[in-house]
There are 2 protein chains.
Amino acid sequence: MKLATMKNGSRDGSLYVVDRHMNRAVSAAAIARTMQEALDEWDVAEPRLKQLYNDLNEGHVSNTIPFDTTRCMAPLPRAYQWVDGSAYVNHVELVRKARGVEMPPSFWTDPLMYQGLSDSFIGPTDDIELADESWGIDFEAEVTVVTGDVPMGVTPADARQHIKLIMLVNDVSLRYMAKEELQKGFGFVNCKPTCAFSPVAVTPDELGDAWDGGKVHLPLITHRGDTLFGKPNAGVDMVFDFPTLIAHAAKTRRLTAGSVVGSGTVSNKDTSVGSSCIVEQQTLEKLSTGEVKTPFLKFGERVHIEMLDKEGKSIFGAINQKLVKYEYAKKKAA
Amino acid sequence: MKLATMKNGSRDGSLYVVDRHMNRAVSAAAIARTMQEALDEWDVAEPRLKQLYNDLNEGHVSNTIPFDTTRCMAPLPRAYQWVDGSAYVNHVELVRKARGVEMPPSFWTDPLMYQGLSDSFIGPTDDIELADESWGIDFEAEVTVVTGDVPMGVTPADARQHIKLIMLVNDVSLRYMAKEELQKGFGFVNCKPTCAFSPVAVTPDELGDAWDGGKVHLPLITHRGDTLFGKPNAGVDMVFDFPTLIAHAAKTRRLTAGSVVGSGTVSNKDTSVGSSCIVEQQTLEKLSTGEVKTPFLKFGERVHIEMLDKEGKSIFGAINQKLVKYEYAKKKAA
């Protein structure tokens, strides 16, 4: 099943069911007005949404609209939680190596994870608005899951059943600020602006055998402008699968329905597949030639993130964003 | 104006207006069903809620109920954002000193702040449920504000107008886990379980001249069991006021209505007033005698946090919680 949240002028948008090929969509308002409402009562809403999805795919639904990703908000336009792991430990080790810092061996067994802002996620084609190019503006292509209610202390085995939806994210990062915030030890506030999510969130069954209950076994494809930047496989070199990340997040607290849990930047040891963020590319350059060639994003540049199934069809729709300059004075005057 | 959220079996509870003396309360459902709903449309809701508050104080409202803090949820039972500063830098310096670590001088000018979990806040008299006493369980008494919509890049001067409500919080902390997470640099996930908030959230005008637009100038009183633990003045030694903390949080992103911004553990240089958390008390012991005497919390212990006005009357009602043992196996079976 594919679900999207369409802009309607409100903070939470309107929940829509989208057909398998992402051509048509139909309002799910009779079942749940918003994605959060559906997640709050998932056991009741899910079978009804699925029925609507099946009817839509079979052409038995009237009142459909063309599915236009420029009208999409993030599937959860504001969420109660966003925690992002660093499941591709290879990536972390690489970046540390380039900085001349040894990575503690515990990072292979104890997930790195940060609590991120979740109060305003942006849509897949919304501009990335930032005030200053010199912050070291980077993208990060990742896979995320959305949970139902997860009890505190859940085991990884038990956590599987709590995965309700899967999405892609562009976790925008400000690298020069990240350096400072890492030293403070309190995690990321300034260096993590709002994230953009894929047009649709899908139920795990939508992935077929590309979903094994813990990982998505497909390449995550990132373009910078018109150029392919990377296509690492999200199922390869993922040291902590999603149930393990959920269990880590829930060690000392419950997670409320609608919590978004991220994989961290998807990264493979096979460097020929490219990278899912600029800083990794820079690291590889530095390690091989001693010199960084690839610059961070400039205003006007675009980032495109997508995942295709084995037939080459888009699963989540594309994140396709432009970086633009933000000015507080203009915002205030508006 | 005083507002509370009463338990009604739902995730977000029911919004109530509470009279000045916290004796009676009346449903605000005709204005806004939940606190978040009120904050989403604050400009419309606030004058109507204030009218109801005035009528309630003058005895002109029927359908009131006795105000029972054991029936309170957190004013925002789940919020879209919780960022907590460390505005009492003296406290940070003390704790570092005891660890033998020098504090970077930038901590006096650049606020420490972490993004905390906000998906499930607990009520003022709800038990603190945790699985393991050996995690170093501590309380932290703090003041917090709730914002309206704050644009990215807001200045401290402009941030003042975005402060809508003030609350107290018990920011429970697991100190041995915090040590490990600080070293990882990614901030706090496991060491920060869910927070409890005061029974009522108040509008700034409710504080009279104890609120100067940026700080609350009153002692924050913490008891451990029946013993006074500390009563530092929240207006003293607060290096970063709330508008400054809000501006810091909003440097690279907007804050959505209902964002909760915390002061960090309230702490005065005058050590005779005691502390707002155990680890500070331990630090003072270590620095003066070389030995830590005060233990972390044990199951069955109680914490009581309150703030009184100049007439000795409670402003927010009391946070009054017991620490109890949590077992996942029991939770799962239930």
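Which residues line the second largest cavity? They are A:Pro111, A:Leu112, A:Met113, A:His248, B:Glu181, B:Lys184, B:Phe186, B:Gly187 and B:Val189. This is a predicted model, in which local features need pLDDT of at least 70 and side-chain atom pairs count only at pLDDT 80 or more, while totals for chains, interfaces and linings use all residues. Residues are numbered from 1 along each chain as its sequence is written, chains are lettered from A and ligands numbered from 1 in the order in which they are written, and side-chain values use heavy atoms, with hydrogens and water left out.

**Chain arrangement**

- Chain B superposes on chain A by a rotation of 180 degrees with 0.0 Å of shift along the axis, at RMSD 0.0 Å (least squares on the C-alpha atoms of residues with pLDDT of at least 70 in both copies).
- That is the relation of a two-fold axis.
- Of the interface residues of chain B, 100% are also interface residues in chain A, so the copies meet through the same surface.

**Cavities**

- A cavity is a set of points on a 1 Å grid over the protein atoms alone where a 1.4 Å probe fits but cannot get out; lining residues have an atom within 4 Å of a point.
- Grid points are joined across faces, edges and corners, and a volume is the space filled by probe spheres set on the points.
- The count comes to 4 cavities of 30 Å³ or more.
- The largest cavity has a volume of about 60 Å³.
- Its lining consists of A:Glu181, A:Lys184, A:Phe186, A:Gly187, A:Val189, B:Pro111, B:Leu112, B:Met113 and B:His248.
- This lining divides into 5 nonpolar, 2 polar and 2 charged residues (nonpolar: Ala, Val, Leu, Ile, Met, Phe, Trp, Tyr, Cys and Pro; charged: Asp, Glu, Lys and Arg; polar: the others, Gly among them).
- The second largest cavity has a volume of about 50 Å³, and its lining has 5 nonpolar, 2 polar and 2 charged residues.

**Largest pocket**

- A pocket is an open set of points with protein on both sides within 12 Å along at least five of seven lines.
- The largest pocket holds about 940 Å³ of space.
- Its lining has 29 residues, and the closest to its centre are A:Asp12, A:Arg33, A:Glu37, B:Arg33 and B:Glu37.
- Helix 1 (35-40) of chain A and helix 1 (35-40) of chain B each supply at least two lining residues (helices are DSSP runs of H or I, at least four residues; strands are runs of E, at least two; both are numbered from the N terminus).
- By class, the pocket lining has 3 nonpolar, 12 polar and 14 charged residues.

**Nonpolar cores**

- A nonpolar core is a set of buried Ala, Val, Leu, Ile, Met, Phe, Trp, Tyr and Cys residues joined through side-chain atoms within 4.5 Å; buried means under 20% relative accessible area, exposed over 50%, partly exposed in between (1.4 Å probe, protein chains only).
- In the largest core, of 110 residues, B:Leu49, B:Val143 and B:Met307 touch the most other members.
- Another core, of 109 residues, lies apart from it and includes A:Tyr88, A:Trp211, A:Phe240 and A:Ile305.

**Two buried residues of chain B**

- B:Thr256 lies in the loop between helix 6 (242-249) and strand 16 (260-262) of chain B.
- At 6% relative accessibility, B:Thr256 counts as buried.
- Beyond four places in sequence, B:Thr256 touches A:Arg11, A:Arg78, A:Asp119, A:Ser120, B:Thr147, B:Gly148 and B:Asp149 (contact means heavy atoms within 4.5 Å).
- B:Pro243 lies in helix 6 of chain B and counts as buried at 1% relative accessibility.
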